Amino acid sequence: MFSDRYVCICLYNIDDLQVCGLSELMGRQWVLMCGLTGVVVHLFLVGESSLKTPYRKFSGSINGQEPMLSPPVNLHILDQHVVMDNGLVNVTLSSPQGMVTAIQYNGIDNLLEPNKETNRGYWDVVWGNPEHLGGTYDLLEGTRLCIVMEDENQLELSFTRTWDSTLDGDIAPLNVDKRFIMLRGSPGFYLYGILEHLDGWPDVNIYQGRIVFKLEERLFQYMAVSDERQRIMPTKEDRVNGQVLDYPEAVLLTNPSNPFLRGEVDDKYQYACDDKDNQVHGWICSDPPVGFWMITPSDEFRTGGPVKQDLTSHVGPTTLSMFFSTHYAGESLAIKLRSGEPWKKVFGPVFVYLNSASPDEDVQTLWEDAKEQMLTETQSWPYDFPLSEDFPRADQRGTVSGRLLVRDRYINEALMTANSAFVGLASPGDTGSWQRENKGYQFWTQADAEGFFFIKGVRDGNYNLYAWVPSIIGDYKYEALINIIPGRHIRLGALVYDPPREGPTVWEIGIPDRRAAEFYVPYPNPALMNQLYVNLSDRYRQYGLWDRYSDVYPDEDLAYTLGISNYEMDWFFAQVNRNVGNKTYIPTTWRIIFDLDDVSETGNYVLRLAIASAHEAELQVRVNEADVTTPPHFTTGFIGKDNAIARHGIHGLYWLYATEISGSQLVTRSNTIYLTQSRGNSPFKGIMYDYIRLEGPPETM
């Protein structure tokens, strides 16, 4: 059902014009013009609309011009394309498929790669039948074009596809609505989409959903993902001519067109980042100075929470907007719709922002301007101009506030503030379930130093409130269901998190922050380096670090002695398998050696293991028993499919385990805990630890 705030004209194809949900023409006349080559629809505005979309200001420190001084927005309808034009940027889309075939800007006819029209700017999902392995790409091609809004200030187009049972097996069983918005004075355009699975439709797994732009390689050679992660990139041909390494995404550049790149490794996963940091990235053309940027103003439509990792931009030149994927998580983040489950979700809007500079300006100003525009977009969220009834505006949303405190009497007798805690609303579930939640919306914020938090712009519905605190182990969940009502502010007051704890700390290794970055990350093989990361703190993004373990520990596995060893230098960042040659990898056993001056033989100790990443692993724990053939004291069983070791992540999904150790198993003086990762046969199977703690028997306090 369309709102009466706008006009909607639907074109099933260029030979068919229909009015859909049209409540008032507002002074417009729509004339059907016929020609020899077919029917061309031309729209004539013969009267002033009684309803105008508002002007919206853009920061545009480089593009800067007041919107009211800019040309009006126009739509041109051609035989097989439509063109959105606001005088600053001209965007051509195939009709009714809804593929972006050309972007004209700053005197450049097309910023996109001159390849197949369906391979320039497009949406896609990877989906599959649950009964079969693997996934199939669906480009979500539209079969109908709907002109949702057109006036001098705003244009919104909708490209839709409706699924029915006759299409079973050919395309994903989803209704698709791809939206494109152009505003007056805006140096770019917005995209959002609505995917829907109706009640009774076939079971389906959806592994990935994204928007892809492939840019003109002769123009765009410099990529920027963050202030530190910027560089001149190799070309697609450089990768084709290079040497494929342990997996297809990783290529050694043996004869690149730019000789300065010779001997480097290129891998798109080296440019991934946490969703909370994935707000703006893109490419720069130096002649003429032009930037192409993907701006994501909100994470509400992404899955897996604020520290879910995903791709950004990479060689192509390619720029992505990743809405959901199984990257750094595994199949647990695939959207699985079963037993005819209905589901509907809005993804976006995201903003394709274009900027330019004069030839005498430093092209770095394009990146600085893109960051400023990103702040403008995030501060404007939720937008007030998308016209789908499935996208609620600010006054149709709610807010939640409160304060989170931490109670751990073994750290501090008094309540502690949850400094910088991540606090969020997500679908109701178990404690920590948010990191595997993938069908609903999530709304996160970071508390201040005193633990106060404010979550704004929350869609109506039922949620649980979840949190985790850097430097504190475990997950918090507020047990009461939170019902968000439009326009309502919910004040939760002071909330207290009691983290897992049985007794005083005997010893600890690491920092409980869900990452392994504080541990020892070796320098890469000099022949397999990415020069970008040589002097950056995130050295873990280098290729091949899994094989460096055998170089650092050539004779025997890691042994860590409490009171002597330093985890920053003596604890390898990942417990991986040992490379013994001929591509043979065997399990490893690490030792934690510690002295106890006094043992409570009748008391129980607790070993807590916080794991930052696991891939096809099994962690076995033995206490004062070196023989790995004996039954372990504790095992996690098979865990993890996040593949973060191979993909240069310093974390994947978070796991937390605890096992009791009877005082009778420990001795006065020297003790050893053996940690065996028992699954071999691959360099990528392993574990990254977040934090390990041994607690003594409870004390009476």
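Okay, let's start with a term: when I say contact, I mean heavy atoms within 4.5 Å. And a word on what we're looking at: this is a predicted model, where local features need pLDDT of at least 70, side-chain atom pairs count only at pLDDT 80 or more, and totals for chains, interfaces and linings use all residues. Residues are numbered from 1 along each chain as its sequence is written, and side-chain values use heavy atoms, with hydrogens and water left out.

So, the overall picture. The protein chain has four helices and 49 strands; those are DSSP runs numbered from the N terminus, with helices being H or I of at least four residues and strands being E of at least two. Its C-alpha atoms fill a box of roughly 95 × 60 × 55 Å along the principal axes. If you take contacts between residues at least 6 apart in sequence, 71% of them join residues at least 24 apart.

How much of the chain is buried? Of the 701 residues, 59%, where buried means under 20% relative accessible area, exposed means over 50%, and partly exposed is in between, using a 1.4 Å probe and protein chains only.

On to charges. There are 58 positive and 92 negative ones, and their mean positions are 1 Å apart. Here Lys and Arg count as positive, Asp and Glu as negative, and His and the chain ends aren't counted. Each charge is placed at NZ of Lys, CZ of Arg, CG of Asp or CD of Glu.

Now let's zoom in on Ser-313. You'll find Ser-313 in strand S25, residues 313–314, and it's buried, at a relative accessible area of 1%. What does its side chain make polar contacts with? One partner is the side chain of His-281, at 2.7 Å, and another is the side chain of Thr-319, at 3.1 Å. A polar contact, by the way, is a pair of N or O atoms within 3.5 Å; within protein, one must be able to donate a hydrogen and the other to accept it, and residues adjacent in sequence count only if both atoms are side-chain atoms. Skipping neighbours within four places in sequence, Ser-313 is in contact with Met-223, Tyr-271, His-281, Gly-282, Trp-283, Thr-318 and Thr-319.

Last stop, His-615, which sits in strand S43, residues 604–617. Buried or exposed? His-615 is buried, with a relative accessible area of 10%. Its side chain reaches the backbone nitrogen of Asn-643 at 3.1 Å. Again leaving aside neighbours within four places in sequence, the contacts of His-615 include Ile-639, Asp-642, Asn-643 and Phe-684.
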